[in-house]
Amino acid sequence: MIELNEAQARAVTAPEGHLLINAAAGTGKTTTIAARILFLQVEMGIPASSMMSISFSRAARLQLLEKLQNMAMEIGQGSPVSTFTFHGLAYRILRLAANMGETWLKTGFEVVQGAGEASLFFNHRRELLAGIKDEFDRSIAPELYAKALDIARQGHYSLGEAFFDPEDLPGEGTIIVPYEFTGRVEVPVSNVRIVWERYQRILRKHNAIDYPGLILEAHRAIAHRKGATRERIKDGLKYIIVDEYQDTSRAQERFLFDLAGNDVFLNVVGDNDQAIYTFNGSDVSNILYFPKRVTVSGLPVLEPIDLTENYRSTPNIIMLANRILEKQNRLIPKKLEPAKIRLRKDSLVNYPVKRINAPRLELAADFVAREISRLVNEGIPASEIAVLVRKDSEFSRQGGVVRDALKELGVAISSGKKEHERKLLVMRALLEICQYRYGDDIDSLIQQIASGYCDGELAGTTREELVNTLEEAKLAGAAVSYEVIDLLHEHVDAENTTPTGEGVHIQTIHSAKGKEYRVVFLMYLGDKSFPHSSRPDIEEERRLLYVGITRAKERLYVIGTHGKLFADFFGDCAGEGVEHVEYLVPGGVELQGDTFLDDNMMEQLLIAEKQQEEEEERFRAELARFFEEEDNQPR
Amino acid sequence: MQNWLDSLKKKITNPVNVIRETPVDVGVKPDNNVSLTEEQKECVNYKTEGTLLVQGIPGSGKSTVLLERAKFLQKKGEGKVLVLTYNRSLAIYMRQLALKTSSNPFEATTFHQWGRQLLLDAGIPNLNYEQDLRGLVHFALNTVRKEETNLELPKIGKKNPQAEKWALVDFLQKEFSWIKGNGIKGLQEYLDVTRTGRGKQVQVLKGHREGIFKVFSKYQEMLRSRRRIDYDDIALLLLANFDKINRKELPAHILVDEAQDLSLMELTAIRKLALKSLTIAADKGQRIYRRNFTWKQANIDVRGRSRMLLNTFRSTKQIIQLARSLQRNDQILMKDAEYVPPEDPKTEGPVPELYVSRNRTEELKTVLDCIKKIRSSLPQHTIGVIGHSVERLKEFEEALDEEKIPFVSVKEDGADILSPGVKLTTYYASKGLEFDHVIVTGLKRGFMPFGQVPPGEDEEEFISTERRKLYVAMTRAKKHLILSAIEKVSPFIDELDHNLYIRKKM
């Protein structure tokens with residue numbers, strides 16, 4: 001049957017109550033969640049319809065649902081439960097509330113981008129900022145206010161709480177907005193309040209809501225204890241299971257706590273060492289203080305359970321991951337600190353981790369391409385190999401150079417960017433189709449599309465793509481077409497989309513969250529590159545390094561060069577179980593010279609060297625003493 | 001004890017120009033239009049522990065003095081210690097040296113990077129550099145010409161009107177940088193100021209100055225409306241926004257290397273931003289960025305005492321003697337009252353070599369052959385290859401890749417300048433660095449000195465500046481200097497004392 005270790009078993013069979021599971025990387029988190037859901041159904045008699053699960057992304061959700069389905073099949077009992085992303089759940093709540101007149105949003109409302117070029121905010125920037133007094137240049141003011149508004153609504157460590165209404169904002173003070181990746185600009189709260197009020201009026205006029213606003217409005221819609229929306233959503237609800245809890249924002253926490261009220265148990269799973277979205281509004285204190293904060297519900301809170309036994313990686317990879325964590329100044333008090341990952345029991349081949357010193361990005365790409373080509377020839381499928389880069393943008397082409405090098409060697413590549421575009425296309429087509437057939441049964445919808453009945457509405461997608469996505473929604477709990485729309489909502493950007501196709505995966509570490517690969521190439525360690533930017537958040541960057549390392553099952557390559565300005569991640573990777581490789585020229589094999597300086601020259605050079613060393617040593621010592629003595633003199 | 005101290009001091013004050021003024025008035029006078037809070041006044045009116053000026057010739061160990069002083073201050077633990085430079089490679093080099101020698105390394109960065117970060121943190125918006133400054137100057141010039149029918153501007157003296165126009169643009173761009181670098185506030189000040197350091201080739205009359213300032217004002221207006229800045233704006237913005245800068249972020253001690261490369265305003269800004277002490281290392285002979293101001297103007301008083309670091313210990317006697325024979329041709333420097341020729345170092349080494357190639361391809365081969373020999377004989381040594389352009393260095397890079405010889409491009413982020421092996425650098429980026437072996441390449445007529453004299457510059461001054469560039473490049477070598485010329489060879493080769501080098505063939 002399903003094999004669980006002791007800690008996993010304790011988590012699965014825990015009694016009724018709020019529960020935090022601290023699951024370190026590769027410790028069988030998904031298996032444990034799935035088993036917990038089935039245990040609650042089978043042993044504790046809680047029907048699947050009384051449970052809801054929240055995942056971070058559609059990919060993570062699919063992973064959980066497939067696990068649930070397989071496990072349920074194996075034990076012959078139990079079934080998958082409704083599974084949403086936070087945005088999908090909020091969207092569903094607002095759709096219901098709109099039907100019941102419990103939100104200002106009207107049926108058929110639109111979800112728009114919060115900021116950025118084509119957003120509602122940007123298009124109305126003049127109206128929003130008219131008469132606002134500050135010292136910002138008008139060209140950047142819209143961006144600053146859009147960001148300040150997001151921070152106010154999501155919650156941010158500089159503010160503490162998330163704000164759900166402009167009126168709740170304090171009368172004075174500033175919101176610190178990161179600007180241009182390195183600067184911090186203080187935006188007056190009193191101004192943010194005015195802009196927020198105006199923005200709300202504009203959203204109202206357009207019957208639209210943006211992504212950060214979704215959570216806020218959904219929270220408002222369920223806030224009335226006796227409201228019809230709340231009743232519909234909570235109808236018999238007993239358990240909410242939340243995955244990747246370390247990446248939730250303060251606003252999401254409050255929404256979740258209010259939704260749960262005093263009659264729904266929260267079972268949350270996460271790893272504070274893997275919090276990698278704090279730049280985007282997530283707050284690691286949510287997971288650190290969950291047991292404390294959740295006591296407001298008055299329901300029993302269980303003792304947190306640590307999952308530390310790693311089932312994913314070889315001992316050498318785990319040793320490295322633990323070494324990196326040791327460098328971290330953990331925020332949490334000691335007793336909450338999850339134990340280090342423990343070694344897995346069965347034996348993979350324990351390859352040494354390879355640390356490659358490639359002083360230039362081009363050399364790194366050259367190494368990665370040649371090594372991948374070698375591994376593929378050895379029989380490792382390309383799709384089990386991932387190149388995880390810190391950044392892959394126009395200005396930091398870490399993924400780009402590897403892609404170029406691999407193409408030259410004719411190795412197949414699967415890239416996230418194209419898939420992201422494709423995903424958006426599919427989503428748009430399905431939203432149209434579902435809106436037009438509002439209320440249709442999902443099976444009939446699938447049949448209609450499969451039979452070619454909707455071919456006129458494909459909008460550049462294929463029948464197969466639409467059917468697959470609908471099947472995914474069905475698995476997640478959608479029964480009718482409008483529920484499909486709830487489940488499709490996911491908020492990710494192109495750079496951080498997980499590729500899924502055949503071929504080598506070249507993607508950012510952010511997009512590899514929750515994933516695992518047989519072979520991982522991690523790059524590019526070095527100043528400004530990783531840790532990234534000219535003023536990096538070292539702790540978050542190190543968590544990202546940890547996440548990258550723990551994606552590898554069998555072989556891990558860490559590529560880069562020593563950091564000189566901030567942290568030396570490359571240097572930190574050295575140690576037991578790690579083999580060092582110098583890769584200084586294309587192909588890796590340096591020239592062994594056969595011409596030499598003549599003896600006379602050599603002799604002169606070596607004498608000069610000795611003399612210079614002595615001179616310099618003397619000079620330094622004199623200087624040091626001189627500064628010391630002079631400093632001690634009375635002035 | 002006292003005796004020992006005295007003898008040491010005697011030893012040090014002889015070669016080192018160490019001036020300590022206690023207390024020194026650093027930034028006590030805030031701009032008149034800036035009102036300060038009580039707290040800020042307290043911060044501004046601090047007593048510094050003094051300003052230290054270290055002057056010396058290339059190779060005299062200014063950087064070593066700076067390094068030791070930075071280490072000393074860091075050990076004292078009174079607050080952050082920061083080393084500032086003008087060019088990035090030197091900042092990385094200093095940081096690497098700090099990392100190598102201390103478990104608690106001081107920070108090192110360029111003035112512009114540091115200043116821009118302070119401004120960003122203070123919430124000052126619009127700090128993006130204008131990418132096409134030349135284009136903007138051209139645009140400003142055209143606009144003013146349309147508005148003003150009798151605009152007076154200097155004549156550069158090119159025959160072709162198109163060439164004349166662009167030469168004027170280049171002249172103006174340099175002049176604008178000078179105006180901003182010296183903190184000239186208005187037309188009257190510009191009319192009254194004595195403008196030194198500009199060549200005699202372009203005649204600038206009073207009417208011209210008015211014209212120049214009109215175009216300058218338009219240029220400034222355009223820069224602002226594009227919400228961009230130029231390099232000279234960083235210092236001006238730091239001074240203008242002094243009260244907004246978070247003093248908690250400021251270092252207690254600032255040490256500036258190659259301070260002669262910074263403008264008056266840049267140095268003034270640094271003075272105001274150093275909380276406790278300022279150490280400045282500078283060189284007259286090494287001035288290759290063509291800026292001009294006296295220490296006094298930046299409130300750094302060097303009256304009466306003008307001893308320098310005369311003792312060079314970076315290079316061998318053979319290298320310094322050859323470099324000195326080149327320097328003798330610098331008439332401007334020879335006439336300078338402050339100039340003192342470098343003394344012979346104690347260390348002796350091999351006689352410098354000169355290779356002459358017929359063309360660029362042959363030079364590439366010669367340089368590679370030299371590198372190969374040194375690498376296989378002395379793998380623990382550094383080899384600096386100095387080229388006149390990024391394009392030429394690219395050719396060296398490709399050839400080295402082809403031959404499977406590792407190299408480091410000094411210009412790259414995080415370049416490892418300290419470890420053994422080949423380092424590729426331009427003349428400019430080589431400033432302040434040192435290598436066991438140096439190969440100075442591209443000594444060809446038309447490349448060194450470069451092409452033609454830029455507009456607005458005196459020919460003698462320009463040639464002198466180019467010669468000083470070569471001098472700096474040669475004195476990067478600690479033990480072994482190779483000069484690589486291409487026919488027809490640079491006139492500077494003829495200036496060298498031919499008894500002090502060996503002409504060799506591959």
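**Ground rules**

I number residues from 1 along each chain as its sequence is written, and chains are lettered from A, ligands numbered from 1, in the order in which they are written. Since I'm working from a predicted model, local features need pLDDT of at least 70, side-chain atom pairs count only at pLDDT 80 or more, and totals for chains, interfaces and linings use all residues.

**Entry 1: chain B overall**

I started with chain B and found 17 helices and 14 strands. Helices (H or I, at least four residues) and strands (E, at least two) are DSSP runs, numbered from the N terminus. Buried residues make up 48% of the 506 residues in chain B. My note on the term: buried is 20 or more other C-beta atoms within 10 Å of a residue's own, exposed is 12 or fewer, partly exposed is in between, and the C-beta atoms are placed from the backbone. Then I looked at contacts (C-beta atoms, placed from the backbone, within 7 Å). Of those in chain B between residues at least 6 apart in sequence, 81% join residues at least 24 apart.

**Entry 2: the sheet in chain B**

Next I traced an open sheet of seven strands in chain B, in the order β10-β11-β9-β12-β13-β8-β14, with parallel pairing. Two strands pair if DSSP finds at least two bridges between them. β10 (407-409) and β14 (502-504) of chain B stand at the edges with a single partner strand each, so one side of each has no neighbour in the sheet. The twist averages 25° from one strand to the next.

I zoomed in on strand β12 (residues 435-443) of chain B: nine of its nine residues are buried, so β12(B) is largely enclosed by the rest of the structure. It pairs in the parallel sense with strand β9 (residues 382-387) of chain B over four bridges, and there G384(B) stands opposite V438(B). With β13(B), β12(B) has six parallel bridges, and V440(B) stands opposite L483(B). β9(B) also pairs with strand β11 (residues 421-426) of chain B, parallel again, over six bridges; I383(B) stands opposite V422(B) there.

**Entry 3: one arginine**

Is R209(B) buried or exposed? I checked, and R209(B) is buried, because 21 other C-beta atoms lie within 10 Å. R209(B) sits in helix α9 (residues 206-225) of chain B. Not counting residues up to four places away in sequence, R209(B) touches Y190(B), L191(B) and V204(B). I also noted L153(B): 56 residues from R209(B) in sequence, but 7.5 Å away in space, C-alpha to C-alpha.

**Entry 4: where the chains touch**

I found 50 residues of chain B in contact with 49 residues of chain A. The largest share of chain B's side, six residues, comes from α14(B). By class, that side divides into 16 nonpolar, 14 polar and 20 charged residues. Ala, Val, Leu, Ile, Met, Phe, Trp, Tyr, Cys and Pro count as nonpolar, Asp, Glu, Lys and Arg as charged, and the others, Gly among them, as polar.

**Entry 5: cores**

A nonpolar core is a set of buried Ala, Val, Leu, Ile, Met, Phe, Trp, Tyr and Cys residues joined through C-beta atoms within 7 Å. The largest one has 164 residues, and L94(A), V368(A) and I559(A) have the most contacts inside it. Helix α15 (residues 361-378) of chain A gives the largest share, 10 residues. Another core lies apart from it, with 113 residues, including A235(B) and L400(B).

**Entry 6: two helices in chain A**

How do α18 (residues 442-450) and α19 (residues 463-475) of chain A cross, and at what angle? Their axes come within 9 Å and cross at roughly 170°. Axes are lines fitted to C-alpha atoms, for helices over the stretch in contact, and angles run from 0 to 180 degrees between N-to-C directions. That makes α18(A) roughly antiparallel to α19(A); the cut-offs are under 35 degrees for roughly parallel, over 145 for roughly antiparallel, 65 to 115 for roughly perpendicular, and oblique for the rest. The contact has eight nonpolar, no polar and two charged residues.

Methods:
Contact = placed C-beta atoms within 7 Å.
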